Amino acid sequence: MSLLMMEGIEKSFGDRNILDNITFGIDEGEKIGLLGINGTGKTTLLKIIAGTESIDKGNIIKKSDLRLEFMSQNPDFDDEATILEQVFKGNSPLMKVLRDYEETMNKVNNNPSDTKLQQKLLSLSQKMDDLKAWQIESEAKTVLTKLGVTDFEKKVGILSGGQRKRIALASALISPCDLLILDEPTNHLDNQTIDWLEEYLKGYKGALIMVTHDRYFLDRVINNIVEIDKGKVYKYTGNYSYFLEKKVERQQSAESSELKRQNIFRNELAWIKRGVRARGTKQKARIDRFEDLKDSKLDLHKDKLEIKAVASRLGKKVIELENISKKFNDQNVIDDFSYIFTGDSRVGIIGPNGIGKSTLLNIIAERITADSGILEIGQTVKLGCFFQENYEIKEDLRVIEYIKEVAEFLPDGEGNLISASQMLEKFLFPPEKQWTSIARLSGGEKRRLYLLRVLMQAPNVLLLDEPTNDLDIETLTILENYLDEFPGVVIAVSHDRYFLDKVAENIFAYQEGGIIKTFVGNYSEYLEYKSINEISEEKIIIKEKKDPLLKTKEPVLKLTYKEQKEFEQIEDIITQMEEELEKVSEEINIAGSNYVLLEELTNKQQELEKELEEKMDRWAYLTQLAEEIEENKKISKNVKEES
């Protein structure tokens, strides 16, 4: 069933046409990822769907009694409200009762002898029963806890921007609705929280439309992609990987059509130049077709950020950290950390929010000083700092003036010079936009401009603090390719799993107490290593709990009757599961464009793979246990024979 249909929607800001006669709909159960480069109108489209932004032209048809919930990038907050009161901000009867209950409960706690408050609380409790609101309150606290917010009575006014974003997200997630609208929900969330949100939204029953740059998220949660490109929308039934394939096909088809148009146009132009007069009906029609051909030129300008990696010369000595420690308010943020960066270091820094990941970058950039330890920076090091917050961008300047403050030309690595204007074009700022005031840019465009300014300095050591926040996927893809060829050091704090897999060759994992663990490999390899070691530690703990006298008493190893039966049958079960998995894979290959069936088969394949992995782990455990039992039997036999 259709929840919402948009027909012929147009939207402009001044002389800038954002949405040009777009038509598309949202059905029940759809999970849509909205893509497009910064400034193309993704957030504007979400606001139009949510009803907080007007349209210039067109119609929006909504299902009667459609319930919408919208989490914007900059939600409104009541600084005097508690966290729970802010979460229950909605205007539905359910949200009003929850909000009144929390407010009254706080008043009762402060003045328990007030009988009027006690009666009001009792009345609200009855309303909570009638509306079955207790479950929503419990879910709100669960979601907040999963998002890393545990003090529900804190005032919103004292929270950081990241914490506020989490509260807005929690409010959207727990509000009963038919269509959930999320604008960059993964920004300011750490990797663990993003994993939780991913699982939550995979199981979400309502329709969903969201803007996000997290490509793993799009692949695992989304079943439809809507792309905004030059004011038009293109819808693809499938996840992000499917979208990439189909977009290439669309671009190739457009290029082929434009080539054909140009060939016909050249022939018709030659005919027109011969000075044929439009005396007959056929001749007039041909001239009209010529005018149509001239006006139907396709814009095949590819909005791609193609730049050669440029850096200043870097000597042998780069950055050396020796026994670095740092505390804030008696809390260890970095505890006795040492590391030597070489000229090709690629480091990803991960850890929970608020643990102090950016502190290491700030120490290297000499923005703050370590409490103890030695920082040595080589004489040839030229830092380029792209920080998440507190970066200076003069909004009264024009775009090109902001870049020219750093450099008017940049060597391209092949002995040529690229002008500031040319670099801006490569960063998706066409000539007409280069003289625009920075104040008129979107948040993502400002971040892109700031990134260009950093790279225009030709640094040889890049310090990147959450570089993926607010940047569109296309810019991220080219940035990753740029960093892949960058002849210098990259040190990045990031929660973007795809970015870390592409860029990082070493991981700094922050632990409690300021401990930083180093790992050689990218993020996925680190997760695999961590998972294996957590399982090993868990097995050791279980063994110790089972037998506290393990060190003084030899354990008696034997398979139980149930384990013996399982061990005898498990190889056959694994074989059957492998055959079933192979059969499903074959069905996927022949499913073609039947996307409903394809989704069912893919889900079944994922379930089977998970079950098979668990069964293989179990087989490995039972096999090892059986081998240990046999070994113990041999040892016992030898001991008896010797005695």
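Ile136, Glu139, Ala140, Val143 and Leu144 of helix 5 are in contact with Ile167, Ala170, Leu173 and Ile174 of helix 6. Sorted by class, the residues in this contact comprise 8 nonpolar, no polar and 1 charged. Helix 5 spans residues 134-146, and its axis comes within 10 Å of the axis of helix 6, the two crossing at roughly 145 degrees. The crossing of these two helices is right-handed. The structure described here is a predicted model.

Helix 6, which covers residues 161-174, also packs with helix 7, which covers residues 191-202. Here the angle is about 15 degrees and the axes lie 13 Å apart. Because angles under 35 degrees count as roughly parallel, helix 6 is described as roughly parallel to helix 7. The crossing of helix 6 and helix 7 is left-handed. On the side of helix 6 the residues involved are Arg166, Leu169 and Leu173, and on the side of helix 7 they are Thr193, Trp196, Leu197, Tyr200 and Leu201. By class, this contact has 6 nonpolar, 1 polar and 1 charged residues.

The protein chain as a whole contains 19 helices and 20 strands. Of its 643 residues, 44% are buried. Among contacts between residues at least 6 apart in sequence, 68% link residues at least 24 apart.

Helix 1, residues 42-50, is mostly covered, with 7 of its 9 residues buried. The buried residues are Lys42, Thr44, Leu45, Leu46, Ile48, Ile49 and Ala50.

An open sheet is formed by 6 strands, arranged in the order 14-17-18-12-19-20 with mixed pairing. Its edges are strand 14 (383-386) and strand 20 (516-520), each of which pairs on one side only. From one strand to the next, the twist averages 15 degrees. At one end of this order, strand 19 (residues 506-510) and strand 20 run antiparallel and are joined by 5 bridges. Within this pair, Ile507 stands opposite Phe519 of strand 20.

Asp65 has a positive phi of about 60 degrees and is located in the loop between strand 4 (57-62) and strand 5 (68-71). Its relative accessible area is 72%, so Asp65 counts as exposed. Lys230 likewise has a positive phi, of about 55 degrees, and belongs to the loop between strand 8 (224-229) and strand 9 (232-237). With a relative accessibility of 38%, Lys230 is classed as partly exposed.

Two further loop residues are buried. Ala407 is located in the loop between helix 12 (399-404) and strand 15 (409-411). The relative accessible area of Ala407 is 16%, and because buried means under 20%, Ala407 falls in the buried class. When residues up to four places away in sequence are not counted, Ala407 touches Ala420 and Met456. The C-alpha atom of Ala407 is separated by 8.6 Å from that of Arg453, although the two residues are 46 residues apart along the chain. Thr436 occupies the loop between helix 13 (420-426) and helix 14 (443-456). At 15% relative accessibility, Thr436 is likewise buried. Apart from neighbours within four places in sequence, Thr436 is in contact with Leu397, Arg398 and Val399.

Conventions:
Residues numbered from 1 in each chain as written. Predicted model: local features only at pLDDT ≥ 70, side-chain atom pairs only at ≥ 80, totals over all residues. Heavy atoms only, no water. Axes fitted to C-alpha atoms, helices over the stretch in contact; angles between N-to-C directions. Helix = DSSP H or I, 4+ residues; strand = E, 2+ residues; numbered from the N terminus. Parallel < 35°, antiparallel > 145°, perpendicular 65-115°, else oblique. Left-handed = near helix turned anticlockwise from the far one by under 90°. Contact = heavy atoms within 4.5 Å. Nonpolar A, V, L, I, M, F, W, Y, C, P; charged D, E, K, R; others polar. Pairing = 2+ DSSP bridges. Buried < 20%, exposed > 50% of the residue type's maximum accessible area, 1.4 Å probe, protein only.
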